[in-house]
Amino acid sequence: MRTFILKVLVFLLIIVVVDVCIGYAFGYLASHPKGGDNARNNYICESTHEDILIFGSSKAIHHYNPLIFSDSLKMSCYNCGQDGNGVILNYGRLLMVLERYQPKMIIYDISPDFDIQKGDNHQFLGWLKGFYDRDGIADIFESVDKNEPLKMRSAMYRNNSKFIQVLGDYVHPTKRHEINGFRPLAGELDPMKLRKENELTWHTDVDSLKMDYITKLINKCRNIQLIFVYSPMWYHHDSSVVDPVRKICSQYHIPFLDFSNSPKYVHHDELFKDGTHLNERGAEVFSKDVANTIKAL
């Protein structure tokens, strides 16, 4: 029995040592990337200094050209959009930005999938794991899952979702065409490859946690010009899906710009890469429209 217990203790000690070593190794790699998404994530969380920050999901990162906003509004601008993410990630990033400085303006591109509707919110924690020990970030993890604080004690768990990407961004990062965080999409939409228009539907189950973070984000921006935007899609659709956010904006007197069903964009193949994302040409047109609308506010 003593031998068995000793073996178990040795095994647990090895696990702890391996976990600590992995934590140190990948903590270093994640904080010293040579490029890629990890370098971009670190810049957003630790180094932004621009007057205008753009938040949102893939539509944010592909639809907003910072150079156009800088030229039109005479302020520096950086695009903080992130593919497949919404307000839970963006609120965490905002907390870290506000530790350093207060931007003059934040433009938030709303997405029904990631900012309103119910779903698995664990998916939005990945880019925050490396900053878990920063003020307020642990609270986000616990709000998503009360077991997350226990899981986050393990360095292997902290790094498992970004293992390959962290290593790749340190050894040989993927080169992408990027302009102040903005990643334009090349090519034009082929409507023959799209689903039928009436298949573009969202469920109506509103995620109370996401709505809570929308409200928290608004409250954090009380001294910042905050503007919500619902950007164009190729499909014509029922935009009432974003009414929960539209209602909150009305309560707090926050501008909500809805371009989603604008005839200037709907069914204009030449402006889109796919059914929900503008291409580079479309992003240029849209960025000018948003900038001009903001100037007129």
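Predicted model: local features only at pLDDT ≥ 70, side-chain atom pairs only at ≥ 80, totals over all residues.
At roughly what angle do the axes of helix α5 and helix α7 cross? The protein chain holds 13 helices and five strands, and 50% of its 297 residues count as buried. If we take contacts between residues at least 6 apart in sequence, 80% of them join residues at least 24 apart. The accessible surface of the chain comes to about 14700 Å², with 55% of that area belonging to carbon and sulfur atoms.

Now back to our pair of helices. Two packed helices are described by the angle between their axes and the distance between the axes. Helix α5 covers residues 87–100 and helix α7 covers residues 137–144; their axes come within 10 Å and cross at roughly 165 degrees. Angles over 145 degrees count as roughly antiparallel, and α5 and α7 are therefore roughly antiparallel to each other. The crossing of α5 past α7 is right-handed. On the α5 side, the contact is made by I88, Y91, G92, L95 and M96, while α7 contributes I137, I140 and V144. Sorted by class, this contact of α5 with α7 has seven nonpolar residues, one polar residue and no charged ones.

A charged residue does turn up elsewhere, so let us visit E148. E148 sits in helix α8, which spans residues 148–151. Is E148 buried or exposed? With a relative accessible area of 1%, E148 is buried. Setting aside neighbours within four places in sequence, the residues in contact with E148 are H122, L125, F141 and Y157.

Key:
Residues numbered from 1 in each chain as written. Heavy atoms only, no water. Axes fitted to C-alpha atoms, helices over the stretch in contact; angles between N-to-C directions. Helix = DSSP H or I, 4+ residues; strand = E, 2+ residues; numbered from the N terminus. Parallel < 35°, antiparallel > 145°, perpendicular 65-115°, else oblique. Left-handed = near helix turned anticlockwise from the far one by under 90°. Contact = heavy atoms within 4.5 Å. Buried < 20%, exposed > 50% of the residue type's maximum accessible area, 1.4 Å probe, protein only. Areas by Shrake-Rupley, 256 points an atom, 1.4 Å probe, with all protein chains shown as cover.
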